[in-house]
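Have the viewer open while you read.

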Amino acid sequence: MQYLLDTNICVFHLRGKLDLEKIIEEKGQENCFISEITVLELRFGAENSDNPQRHHEAVDDFLGELTIIPISSCVKLYAKEKVRLRKTGKPINDEFDLLIGVTAVENKLTLVTDNIKDFEKLKGIKIENWFR
């Protein structure tokens with residue numbers, strides 16, 4: 001099985017609340033990916049922190065172990081799901097979450113997140129929570 005790591009799982013790891021390196025080793029590094037949207041969110045968090053340089057270095061170290069998936073391949077699915085969810089009255093209001101979710105679906109990856117509630121609205125998504 002292959003996995004896309006959501007931002008919150010990465011943040012738990014960077015804050016020392018989850019030994020993601022051990023889990024990635026067990027699952028196989030070649031089976032774990034990250035969305036470029038998650039990279040954006042991690043960079044923002046580092047820049048917004050009390051010590052940007054230290055946090056950017058931690059993000060650099062973490063990202064060095066993972067393959068980054070671009071969002072360009074999921075643009076059509078993003079539009080389709082956004083419209084479908086709006087029409088059903090169940091929109092995902094966080095655009096970044098929607099992009100991360102459709103990236104997982106489009107690339108046939110299981111999304112690893114602690115935010116099950118929002119992502120389970122997406123058609124065809126597979127989700128695991130490694131935090132609980």
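## Fold and ring pairs

The protein chain carries seven helices and five strands. Keep in mind that we're looking at a predicted model. Walking along the sequence, you get the pattern β-α-α-β-α-α-β-α-α-β-α-β. The radius of gyration comes out at 15 Å, close to the 14 Å that the globule rule gives for 132 residues, so the chain is as compact as a globular protein of that length. If you want box dimensions, the C-alpha atoms fill roughly 45 × 30 × 30 Å along the principal axes.

How much of the chain is buried? Of the 132 residues, 44% are. As for contacts with a separation of 6 or more, 66% of them come from residues 24 or more positions apart.

Now for the rings. A pair of aromatic rings is described by the distance of the centres and the angle of the planes. How many aromatic pairs does a search of the whole structure find? It turns up two, and here is how they look:

| Pair | Geometry | Centre to centre | Angle between planes |
|---|---|---|---|
| Tyr3 and Trp130 | edge-to-face | 4.9 Å | 65° |
| Phe12 and Phe131 | stacked | 3.9 Å | 20° |

Take the edge-to-face pair, Tyr3 and Trp130. Tyr3 belongs to strand E1 (residues 3–5), while Trp130 is in the segment after strand E5 (127–128), so this pair ties together parts that are 127 residues apart in sequence. Tyr3 has a relative accessibility of 5%, so it counts as buried, the cut-off being under 20%. Trp130, at 11% relative accessibility, counts as buried too.

Then there's the stacked pair, Phe12 and Phe131. Phe12 lies in helix H1 (residues 7–14) and Phe131 in the segment after E5, so here the parts tied together are 119 residues apart in sequence.

Put simply, Trp130 and Phe131 both sit in the segment after E5, with Trp130 pairing with Tyr3 of strand E1 and Phe131 pairing with Phe12 of helix H1.

Definitions and conventions. Residues are numbered from 1 along each chain as its sequence is written. This is a predicted model: local features need pLDDT of at least 70, side-chain atom pairs count only at pLDDT 80 or more; totals for chains, interfaces and linings use all residues. Side-chain values use heavy atoms; hydrogens and water are left out. Helices (H or I, at least four residues) and strands (E, at least two) are DSSP runs, numbered from the N terminus. The radius of gyration is taken over C-alpha atoms; the globule rule is 2.2 Å times the number of residues to the power 0.38. Buried means under 20% relative accessible area, exposed over 50%, partly exposed in between (1.4 Å probe, protein chains only). Contact means heavy atoms within 4.5 Å. Rings of Phe, Tyr and Trp (its six-membered ring) pair if their centres lie within 6.5 Å; planes under 30 degrees apart count as stacked, over 60 as edge-to-face and the rest as tilted.
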